[in-house]
Structure formats: C-alpha cells, structure tokens
Amino acid sequence: MPRTRTLRTTLATATATALAAGALTGALIAGTGSASAAPSGLQGDFNGDGYRDLAIAAAMGKVGTKAGAGYVAVVYGTAKGLDPTRRTIISQDSAGVPDSAEKDDGFGHALAAADLNRDGYSDLAVSASEEDTSGGQAAGTVVIVWGGAKGLSGATTVPNPQPLYGSYFGASIAAGDFTGDGKPDLAIVAQGDTDPSWKIRLVRGPFAKSGAHGKLTTYNSPVDRPSLTAGRVTKDSAADLVVQGRKFNKDILGPSVFYKGASTGLVKGGTLPAGTNAAIGDLDKDGYGDIAIGNPDEPADEPSGSKGGEVSVVYGTASGPSATRRTALTENSATVPGVSEYGDSFGSSVAIGDFDKDGYGDLVAGAPGQSFGADPDWMMSAGEVILLRGSAKGVTGTGARALTQNTPGVPGTTEDIDNFGAVLLASDINRDGYADLSVSALQEDNDAGAVTYLRGAPAASFPATGSTVFGPAALARPTAYSDFGGHLAG
C-alpha cells in the first residue's frame, strides 16, 4: 500500500519527499539557453523565453548530509516541451537563497509561480514550513526565488508577521492578483496565537528584491490546516481563492470555502463540496471559471467521501460558484471510465486545461491508488489519470479516456506502487496552443519518484509524440525517497 506521507506534506495539501553526500548548491547545472530580448510575462516562464517551465518540489530531499532539508528542481520548457538537460536545482544552500539547508526544513513544502516584481519574468515562491527560526521551532519561512534571463536565481524572504513556535508559515501558498490592481499577491497559510489558530495571510504585491511589499491582511481560516487554490471564477480582474481543510478539532473534512477577490481583499463567499485539492478553469467556454474539487477519501474514513473517490464540479457565474449547477463524479458515473473500487483514490489530484485546443477546458483527475491485473501479478497502486472533455454543457463523457503508463504514447511502464497521478499540473509548455499535462508518480522506481510530461494534441492523438518521463537520476540527483514531484508549479 502507498506509504503514509509526513506532517510536513499534509500541512500544505490537507491530504496530498536521502540523497548522496555533496551539497546541492543550486547552481545552474545545465544551460537554460538565451531568453528573448523582452521577457514573455507568462506565468511559469522563469527565464522569459516564451516557454513555460516546470518547478518540481522534493521537500524531503537530502541536501549534503541534511536529511529532509528539501530542494526544488526547475526544468525549462522549449518548443519541444520540457528538456530535463536544461535545469536549475535550488535549495537553501544555493547562492543568494537566504538561510542554509538544515535537517527536516522541508524546503519545497509548497510552491506558487507568478511575476511578483512585475519585471516580465515569472518568479517562484517556495516555503519551508518546518524551518526553525528565531521565532521558534517550525516557525516556517517563505522565500521568493527571482526569475531572470538565465532562469531562477537569488531569493528574498517574505517576512512572517507572527513567527511563533509551530506557526508553519508557508504551510500552503497561492499566488494571484486577489485585489485586481494588476499586482500579483501571495496568500500564505500559517498558525497564529488566537482562536481559530489557522490564518490566511494576504500579502499584497508588488514584491521587491529588497523585501518590500504591499499591505498585509490576516483572515481567520474557516478550516483546520487549510490548503489554497487560486484562479479566476468571475469575469472581473481579481483572482479568487478556494480554501480546503479539516473541521476544527475533528478528523473529517469541512466544506471547501470560496473567497472572492476584491479591491478590499478577500471576501468570504459560499461553501463548496468537501475535498482535499482543487483546480479552476473554464470547462464550458462561457467565460467563467469552473471549480473541480477532488475528494479521494473512502466513506469509512471520511463521511463526505465516496467509494474509490470522487470529483465534484461547480460551475462559475458572474457572482461566483453556482449554488445549483453542480455535479459529483465517481468512476461509477456514466461519463467516467472505470469502476469505483476501494483504494482507487480517484480525485487525489485534479487539473483543468484545454488539451485538445477546442476552446473548452478539459478535466483530468488522478487515481494513484488504482490497481490492475489479478493474482499472482497484481499491480497495487500503480495509478492512472482520467481525462474528461469539456463542452458547451460542461464536463462530458464523450472522448473520455483512462491513461496509465501502459497507454500507447505515455512513456514508462505500469508497476506496483508507482502512484501515477498523485499530483497534476496543466500548462502549455511548448507554446503550441495545446495544454500539456505533467503527472507525478511519487513512488516510481522504488520511491525515487518521477514526473511524466504529456504533450497536448487533438483529442484522438493525446498525448502527442515527444512526451517524456524523468526522475531524480535524469537531473543528476540521487534516487532515494525525496517526495520528488510532491508539488508542481509553473
């Protein structure tokens, strides 16, 4: 069965990473290539060359002799997609990154990408939520690693307004222009000293390399150990926020909560189905963002769960999420390939992107617990992802597909306990107008972990030729367990 993930991971996601000696310096270990004269301004384009890049967290990776110190691997995009030979490795031992790598810091615990200083290059916010600081043990820290023509380098600390013992500053991070003023902001989860203890700190942009930033506002979290997802639901200029987590003092999920972005900050809206992760995108091409919510828990463990897992879709309107236009999907739904089975973990991850370039966002849901075969060759928790197409009526079963590592065009091989589909990210990396899909298999190759890059293509051809898979070894990192791919951003 999949191993239990540690507190430092579950704090950031509300559900859901030892390397050989030799410190990770974070130096550019392969050239990024020349960037365009004017940076692209694309989210996730850290070197400004017009191609989006991928940041991969390994928050339990060893840095030198420091187990669990954590690192982030950045693989740069090209016209052919991700190129693992063009990469940067970042840790707290990297030149220009504040502090130093220490045991169990968990650098890479949460990630968020945005152009935070508005220079045209996307930047990367990275947390080490269990960092010990002068404020106390596990006070936590967040840094912004700056984009530039040569890629990511150097970093600036985002001040923790209340550094306390166990504040876990950076337990989750989301980036977006929540006030609609054209300046990207950061929403950062931490614990405070008042009840309820969990807080959402809205730090307004722009951010400067000197450490300067805009106004800070603190909101009481509606749930315990919250995780954050940003995106635009309404058609206004402000990003919105979905907050998910457990009920206070109870080990069950609370309702997800929608916050609308506004010039005054975050305005609490209605509730959404319970879940552990979310994605926002336009599934029916009406201009409003729709919200997909994954809930992989079994009913025996979680009252809101469904056998094998569930994904809820809440469609957007001018005022926010619709109160009535909602649907719940399981692998027993007529539109979803497969059959609901205990342990499938359908909904462990969700992503929305237009993978076939028809103008409608498509929904992808991970089922990393999916098993295949029969004794004596049972492949436990090999994992799969399920692709559901968008349409004028929303998510449809037409063209739906279940993809595994044995699917033609998907690189790799289905094996026991790969957990393929544990984390997903949709982004058009090669700038061809088709969204591409990055998929984490957290326990690929005896826990080394791997990321599979699937190129977007017309519906019948997905994934396109040129898809690839790589793990720590391809990035010159040792292959012991590091939670490689535990978070993706770009």
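Is Arg389 buried or exposed, and what is its relative accessible area? Arg389 is buried, with a relative accessible area of 4%; buried means under 20%, exposed over 50% and partly exposed in between, with a 1.4 Å probe and protein chains only.

The model is predicted, so local features need pLDDT of at least 70 and side-chain atom pairs count only at pLDDT 80 or more, while totals for chains, interfaces and linings use all residues. Residues are numbered from 1 along each chain as its sequence is written, and side-chain values use heavy atoms, with hydrogens and water left out.

**First stop: Arg389**

Select residues 384-389, which form strand 22, and find Arg389 within it. Strands (E, at least two residues) and helices (H or I, at least four) are DSSP runs numbered from the N terminus. Next, display Asp356: its side chain and that of Arg389 are joined by a polar contact of 3.5 Å. A polar contact is a pair of N or O atoms within 3.5 Å; within protein, one must be able to donate a hydrogen and the other to accept it, and residues adjacent in sequence count only if both atoms are side-chain atoms. The Arg389 side chain also reaches the backbone oxygen of Ala459 at 3.3 Å. Leaving aside residues up to four places away in sequence, the residues that Arg389 touches include Phe355, Asp362, Thr398 and Phe462; contact means heavy atoms within 4.5 Å.

**Second stop: strand 10**

Select residues 198-203. Six of the six residues of strand 10 are buried, so this strand is largely enclosed by the rest of the structure. In a regular strand, side chains alternate between the two faces of the sheet. Here Trp198, Ile200 and Leu202 are buried on one side, and Lys199, Arg201 and Val203 are buried on the other.

A hairpin of six residues connects strand 9 to strand 10. Centre the view on Lys199: Ala190 stands opposite Lys199, and Asn220 in strand 11 is the bridge partner of Lys199.

**Last stop: the lining of the largest cavity**

Select Ile144, Trp146, Thr156, Thr157, Val158 and His213, which are among the residues lining the largest cavity. Strand 6 (141-146) and strand 7 (153-158) each supply at least two lining residues, and strand 7 gives the most, with three.

Methods
Two strands pair if DSSP finds at least two bridges between them. On a 1 Å grid over the protein atoms alone, a cavity is a set of points where a 1.4 Å probe fits but cannot get out, and a pocket is an open set with protein on both sides within 12 Å along at least five of seven lines; lining residues have an atom within 4 Å of a point.
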